[in-house]
Amino acid sequence: MLDFLATSILFCLLGGLGSLLLRRWEAIAIAVAGIGAAGAGILGIFAAIPVLMSGHGEVFSTSGPFPFAAFTVRFDPLAALMVLIISLVTAAAGVYSLSYVKDYAKRGVGAMGFFLNLFVASMMLAVVVDNAFYFTLFWELMTITSYFLVIFDQDQEAVDAGFLYFFIAHAFSMLIMVAFLLLFTHTGSLDFASFREADLPPWLASVVFVLAFFGFAAKAGVMPLHVWLPHAHPAAPSHASALMSGVMIKLGVYGIIRVGVDFLGAGAGAAWWGWMVVAFGAVSAVLGILYALAERDIKRMLAYSSVENIGIILMGTGLAIVGAAGGQPVLAALGLGAAFYHLLNHALFKGLLFLGAGALLHSTHTRDMAEMGGLGRRMPWTALCFLVGALSISAIPPLNGFVSEWLTYQTFFAAGTSSQFAGRLLGPLAAVALAITGALALMCFVRAWGMVFAAAARSEPAADAREVPWPMLVPMGALALLCAFFGVGAPLAANVLSGVSAAVLRADSLQISSGWLVFPGNPGQAVLSTPLVALLLIGLLIMPLSIALLRRRRYVAPRIADEAWVCGYQHTPQMSVSVAGFVEPPRVIFRNLYLLRAGEGPVKRAIETSVRDVTIAAKRVEPIWDQITSRLSVQGIEGLGRHVQALEGGDLRLYCVYILATLAALLIALAM
Amino acid sequence: MVTILSAGIIIPFLGALAALLVAPHVARYLSVLSAFLSFAAIVAVLVLFVGDGKRAISQDVVSFYGVAVLGFTIDNVSVLIGAAVGLVGLLVCVYSLGYMSLENREHPDEGRTRYFFFLQVFVGAMAGLVFSSTITGQLFFFEITGVCSWGLIGYYETPKAVSGAAKALIVTHIGSLGLYLAAALLFAQTGSFELSSLAAVSPPIKAAILLAILFAGWGKSAQLPLHIWLPRAMEAPTPVSAYLHAGSMVKIGVYIFARALISADAVPEVVGVVGAIAATVTLIYAFLMYLPQQDLKLLLVYSTIAQLSYIFLALSLSVFGSPLAFAAGVAHIFNHAFAKSLFFLVAGSLSFTTGTRMMPLLRGILARMPLVAISFGTAAFAVAGVPPMNLFFSKFTIFAGGFQVSHIHLLLFVLMAVAILESIGSFAWFLKRFGYAIPGQPSERIAEAGPLPASMAVALAILVALTLCSGVAAAAWLR
Amino acid sequence: METAYLFGIGLLQAILLLLVAPLVSGVSRVIRAKFQSRRGPGFLQDYRDLWKLLVRREVIPPEAGYIFRVTPYLLIAAMLLIAMVIPAIIDRSPLEPAGDIITVIYVFALARFFLSLSGIDSGSIFAGIGASRETTIATLNEPVMLLALFVVALLAGSTNLGTIATTLYTQQISAHTAVAAAMLAFAFATFVEMGKLPFDLAEAETEIQGGPLTEYSGRALALMKWALYLKQSVAVALFIAIFVPFGRATSMSPVSLILGEFILVAKLLLVFFILAFFENTFARFRIFDTSHVTFAAAGAAALAFAFSLGGV
């Protein structure tokens with residue numbers, strides 16, 4: 001396992017360095033970077049799967065060059081899950097880049113491959129190291145490498161997006177560092193192993209949790225710390241966006257679980273932490289998808305949708321923390337299991353959707369959905385893969401998104417039937433939030449697929465679009481198949497994920513699937529069989545088909561094509577429902593929630609004004625020191641000199657008086 | 001070992017004298033040679049030191065009437081810092097080969113003898129100070145470096161340069177009064193000028209001596225309120241700014257404080273309190289001064305002041321019982337020397353090729369001068385404390401050390417919080433500068449930039465490599 | 001073996017609802033006609049309509065893709081799936097692993113996804129707006145539906161339809177007010193889901209030509225109409241199965257099953273009869289006013305939730 005992992009990271013490093021060194025020969029650089037990433041991904045999958053299936057990890061430790069931090073690697077099931085997620089999307093992105101990066105010719109593809117591979121390597125290392133110093137090191141490396149990917153286009157928009165991203169990421173990772181250092185102060189060691197065993201006073205544990213939560217939440221894109229996401233993810237190249245949105249923000253959730261559950265929780269935590277997480281999750285989920293609805297830029301829409309899905313994951317996580325704190329192991333295991341499942345699923349379908357957006361960008365050279373249309377005919381395979389992605393993200397049975405949302409609902413239900421009043425009150429309310437989110441997500445992605453792929457082309461580039469080459473299609477297809485697999489094959493995957501949550505909680509494994517069924521621990525509570533649903537949906541098609549076939553007369557005229565009806569006028573493609581018009585009703589109905597977003601402008605202006613004021617003040621202060629010291633010393637010395645000068649009257653008689661006076665004084669002193 | 005070291009210190013002085021006798025265009029290569037030999041000597045000392053199992057030795061070289069006045073101490077810290085200042089000195093001499101030429105668009109100048117004279121004297125004096133074991137030895141080399149600084153700042157002989165030079169000399173000399181006072185007190189108490197005898201002094205006097213040394217350190221390292229000379233010192237040629245006012249001379253202040261702390265064993269807490277509070281105040285002030293600066297060199301000056309405050313903070317916190325903070329402070333000296341000299345040499349490269357240092361005029365550097373752009377980026381992110389650059393490693397350790405002792409008093413927590421906030425603020429500022437200057441379309445000045453000489457490019461490249469590696473190296477050395 | 005029998009019963013239930021759906025909608029049409037002082041087309045008119053449409057020529061917009069063509073079949077399959085899992089005839093869910101309230105709500109979502117998508121795919125503006133309205137109303141209605149069902153599920157201790165229905169039937173729940181409020185809220189939500197006046201904005205014939213159905217013709221239109229009739233029947237059957245559980249078969253003997261079928265059809269007709277009153281006394285709500293009404297329903301559901309918390 002660990003040697004596979006090490007080799008995987010080595011592939012990344014070689015791919016990155018090779019890409020940079022060979023940058024003059026662009027085709028080779030692209031190939032090296034892509035194969036490096038793809039290889040790293042495949043090796044990572046092989047590294048992670050044995051750990052996940054067996055539930056046992058590996059630990060590796062060496063002292064390293066730093067006296068205060070040993071280089072410890074702990075490849076436990078949680079780390080393995082994260083490595084699996086990173087590897088799956090990386091493998092897809094690597095193959096994808098072989099063709100996609102050609103669009104960036106002569107703009108530094110060597111550097112892009114370098115930063116991308118280093119980005120992947122630093123993510124993989126960040127999730128497996130077991131020491132706070134090395135974690136911070138790789139965390140910051142992850143941010144700086146992705147920063148260069150975000151500013152890659154080098155236009156003002158990208159640079160501003162990069163600034164916002166890096167600033168928020170760094171500022172909040174300082175919070176994470178402070179949380180770790182507080183633990184360090186208490187335990188005397190930077191090793192995570194010592195953090196796990198630390199016996200903290202409750203107030204300190206709460207401070208550490210809150211700091212770590214906000215630090216990691218900024219990276220995860222939780223509201224209101226999400227402001228960088230809608231700018232940074234669209235600015236980066238699409239395969240980098242796929243990695244950032246599909247994987248990197250998951251590392252934020254990973255951090256929250258590591259600190260909240262692994263270090264501090266599982267008994268020592270407090271329930272209010274969990275409810276705080278649930279609250280932030282619920283707000284992020286609802287507002288995230290609401291803002292996604294308002295977007296025309298497909299990548300910004302997907303970025304906001306990521307905020308929404310992180311909210312869903314956090315709702316499950318929050319309930320798990322509540323369960324762990326309140327001695328409800330089933331709730332804890334179920335919550336974490338649902339969260340991990342959604343983590344995995346979101347990586348898959350969001351990666352797929354971003355790769356699809358990249359394919360659209362490649363073919364139509366625009367990210368604006370209003371300029372697309374009718375691409376289902378011109379890019380059939382992309383359309384099919386994107387459809388699978390859209391269905392998955394809208395939680396349509398029997399695909400994977402539905403399974404993880406179902407498990408999340410069951411977690412809310414378990415909270416709702418628990419003995420604690422907070423659970424009974426807030427669990428069902430969280431379920432309502434999830435329901436609203438699901439309905440809005442459906443609307444959002446119906447619009448997305450419909451506007452892009454359905455009906456007719458609304459612009460010239462869309463009319464001339466061609467299907468993308470196979471290196472871009474294969475990864476999308478693979479991710480789509482995985483979405484279907486984790487949906488229909490949920491009974492196979494669910495127990496593995498439950499095992500991961502058991503490992504994190506250091507408790508017994510909760511069985512959540514058996515045979516063809518998935519159930520939330522207790523089959524009496526609910527039961528789901530996605531293979532059955534899939535089979536039935538396909539099987540029941542027989543009925544309408546047979547109705548259609550039975551009632552078929554030989555002399556029925558064949559189907560003809562004719563324009564859609566627009567009250568007698570000639571139909572043009574612009575006469576279909578528009579991207580903005582489709583979502584006007586919810587935008588009006590929920591306009592108060594959209595007003596919250598208007599707060600961003602005043603905040604930005606306030607910051608700019610205060611910086612400007614401080615700058616002006618500083619400018620005025622700067623010369624003061626000089627003036628004071630110069631004035632004091634120069635004028636003082638000159639004044640002193642003038643006073644001394646007064647002693648020299650120029651009169652010889654005065655000098656005789658001085659001599660006599662001195663002589664007299666000395667004689668008197670000698671006499672004494 | 002001591003003989004090799006003495007040779008390493010004397011050779012640059014000899015080279016300076018030789019420079020007076022030869023033509024200027026030979027003197028420049030002579031300076032490179034003597035800097036190289038001096039650095040080679042220090043490396044030899046390092047190798048022997050490591051071979052000897054890192055055993056610290058101390059030996060007197062000059063004594064009057066049985067009192068050692070000048071001596072050398074070869075230990076972990078002095079070898080590390082000595083290697084750093086020696087290497088930076090060598091690279092600056094190499095860089096000067098290219099910089100001091102008529103092609104320089106900002107200051108076309110052939111490089112007169114006095115430049116190379118003072119440069120070499122400085123190389124020797126710096127090495128002497130770092131390895132000095134007596135307070136008088138430190139004082140001797142301290143004042144020599146002051147004179148070199150005066151000579152080099154006033155090199156271009158404009159009114160601003162001359163007044164800047166005078167200010168620098170006067171202020172640092174006022175700072176050196178602290179060192180005089182400390183020497184006198186030490187001799188009065190123990191009859192010896194050796195720093196190691198500081199340990200035997202009674203706590204109140206020890207505190208007074210340390211505070212006096214701290215005062216001298218503030219003067220040389222441009223801390224509030226003795227910081228006024230450093231911005232004016234930017235009238236010097238940029239390699240001098242890189243060497244003196246970023247890489248070496250300003251490090252003297254923190255270095256003598258560090259060495260005093262090493263020698264003093266049990267340090268009274270008041271020293272730590274005074275040092276920490278002064279450092280934090282300077283830190284805040286320096287950060288606020290970033291904001292109005294349009295000249296790149298002035299921005300770097302205030303950044304240097306801020307980083308030196310960090311080092312003072314780390315050293316002061318170590319007084320409360322954190323060897324980790326001390327090691328972090330020393331590592332920060334090592335790392336910052338490379339990162340900040342790199343940044344200054346980048347500023348010099350920009351002014352050489354475009355004739356201006358004004359940041360609003362410099363945009364899109366990556367498109368036209370990739371090496372300068374990469375150097376700028378490396379230096380900017382290093383100063384901002386982002387890995388894999390070196391300053392991240394020492395900054396993290398400073399925070400770790402600080403937190404280690406912060407439970408002693410709430411005030412220390414507050415200081416740490418302020419330091420962290422400043423770190424975030426300066427990071428934001430340098431990120432913004434980076435985003436403005438490096439990517440995008442080249443501005444007019446950059447588009448018309450001249451070529452960069454090979455010697456300057458070599459110096460930049462080596463410093464970039466050092467900035468990436470030195471963090472790990474320092475930490476490993478100081479285990 | 002029992003599973004196979006239950007599966008068969010589920011299939012039977014599905015086919016029954018499929019066949020009966022046009023009848024109940026025909027009943028609605030006749031009642032509306034009576035309200036409007038007309039004779040009406042007769043109860044079996046919808047059957048006749050479907051029969052004829054199945055052999056008519058289809059006219060499809062040239063830009064419509066495979067989504068447009070697949071949707072009618074998929075819609076019927078989805079509704080049949082729900083029909084199979086409702087404990088309508090028998091007191092258990094014939095297909096437990098798919099008979100969960102969340103699964104049912106999301107299979108409705110599946111149908112809605114493809115219905116809306118086909119609306120956009122047709123390229124017709126009216127279908128597009130219909131699709132937009134369809135999804136908007138779902139946004140407002142689904143949370144109400146979920147909360148109402150969640151309340152009874154929490155009281156019953158399971159999200160399984162069969163368990164909920166049985167627990168309510170055998171009166172093991174003591175929180176009567178909560179159940180009553182939940183029933184009201186769910187009834188309202190079902191009414192909205194059915195898309196009957198005053199909530200038929202998605203297919204507002206007088207405004208947008210039929211919404212997502214606009215461009216369908218011939219066989220596809222027949223199947224779409226049938227699917228939508230089936231959806232209405234299934235929604236009502238769901239409501240009946242949970243809140244009006246009397247008269248279902250308790251064993252799997254053929255007699256009780258046939259009896260259960262008749263009782264189901266009778267209940268369906270009764271409910272549609274009652275609904276006809278609401279249908280014909282209101283004018284269609286405007287899209288932006290709908291939200292006010294659904295918020296009221298949400299309030300009722302919240303009230304139900306509050307009652308259930310208090311154990312009332």
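Let me start with A:Leu334, which sits in helix α13 of chain A, the helix that runs over residues 329–364. What we are looking at is a predicted model, and every value I quote has been computed from it.

Is A:Leu334 buried or exposed? With 31 other C-beta atoms within 10 Å, A:Leu334 is buried; the cut-off for that term is 20 or more. Once the neighbours within four places in sequence are set aside, the contacts of A:Leu334 are A:Gln410, A:Thr411, A:Ala414, A:Leu510, A:Pro520 and A:Gly521.

Which residues of α19(A) are buried? They are A:Met472, A:Leu473, A:Pro475, A:Met476, A:Leu479, A:Ala480, A:Leu482, A:Cys483, A:Phe486, A:Gly487 and A:Val488. As a reminder, an α-helix has 3.6 residues a turn, so residues three or four places apart point the same way.

Stepping back to chain A as a whole, its secondary structure consists of 27 helices and five strands. The C-alpha trace extends over about 145 × 65 × 55 Å along the principal axes. Chain A has 672 residues, of which 59% count as buried. Among its contacts with a separation of 6 or more, 80% are between residues 24 or more positions apart.

I turn now to the interfaces. Two pairs of chains touch, and the pair with the most contacts is A and C. By contrast, chain B and chain C share no contact, and their closest C-alpha atoms are 41 Å apart.

Between A and C, 68 residues of chain C meet 68 residues of chain A. On the chain C side, the elements that each supply at least two residues are β1 (59–60), α3 (66–85), α4 (101–121), α5 (125–156), α9 (218–243) and α11 (287–310). Which of these gives the largest share? That is α5(C), with 17 residues. By type, the chain C side has 39 nonpolar, 18 polar and eleven charged residues.

Strand β5 of chain A, residues 560–561, pairs with β1(C) in the parallel sense, over two bridges. Within that pairing, A:Ile560 stands opposite C:Val59.

The contact between A and B takes 36 residues from chain A and 34 from chain B. On the chain B side, two or more residues come from each of α11 (269–290), α16 (390–406), α17 (410–437) and α19 (454–477) of chain B. This side divides into 25 nonpolar, seven polar and two charged residues.

That brings me to chain B itself, which has 19 helices and two strands. Its radius of gyration is 21 Å, close to the 23 Å that the globule rule gives for 479 residues, so chain B is as compact as a globular protein of that length. Its C-alpha atoms fill a box of roughly 65 × 55 × 45 Å along the principal axes. Of the 479 residues, 63% count as buried. Contacts between residues at least 24 apart make up 81% of those in chain B at a sequence separation of at least 6.

The two strands of chain B pair with each other: β1(B) and β2(B), residues 67–74, run in the antiparallel sense over seven bridges. One of the bridge partners is B:Val67 in β2(B), which faces B:Phe64. The strands form a hairpin with two residues between them, and B:Tyr65 in the turn has a positive phi of about 50 degrees.

Finally, a word on confidence in chain B. The average pLDDT is 90, and 100% of the residues score at least 70. Where is confidence lowest in chain B? The lowest mean, 81, belongs to strand β1 of chain B, residues 57–64, while the highest, 94, belongs to helix α15 of chain B, residues 370–384.

Note on methods: Residues are numbered from 1 along each chain as its sequence is written. Chains are lettered from A and ligands numbered from 1 in the order in which they are written. This is a predicted model: local features need pLDDT of at least 70, side-chain atom pairs count only at pLDDT 80 or more; totals for chains, interfaces and linings use all residues. Helices (H or I, at least four residues) and strands (E, at least two) are DSSP runs, numbered from the N terminus. A residue is buried if 20 or more other C-beta atoms lie within 10 Å of its own, exposed if 12 or fewer, and partly exposed in between; C-beta atoms are placed from the backbone. Two residues are in contact if their C-beta atoms, placed from the backbone, lie within 7 Å. Ala, Val, Leu, Ile, Met, Phe, Trp, Tyr, Cys and Pro count as nonpolar, Asp, Glu, Lys and Arg as charged, and the others, Gly among them, as polar. The radius of gyration is taken over C-alpha atoms; the globule rule is 2.2 Å times the number of residues to the power 0.38. Two strands pair if DSSP finds at least two bridges between them. pLDDT is the predictor's confidence in each residue, from 0 to 100.
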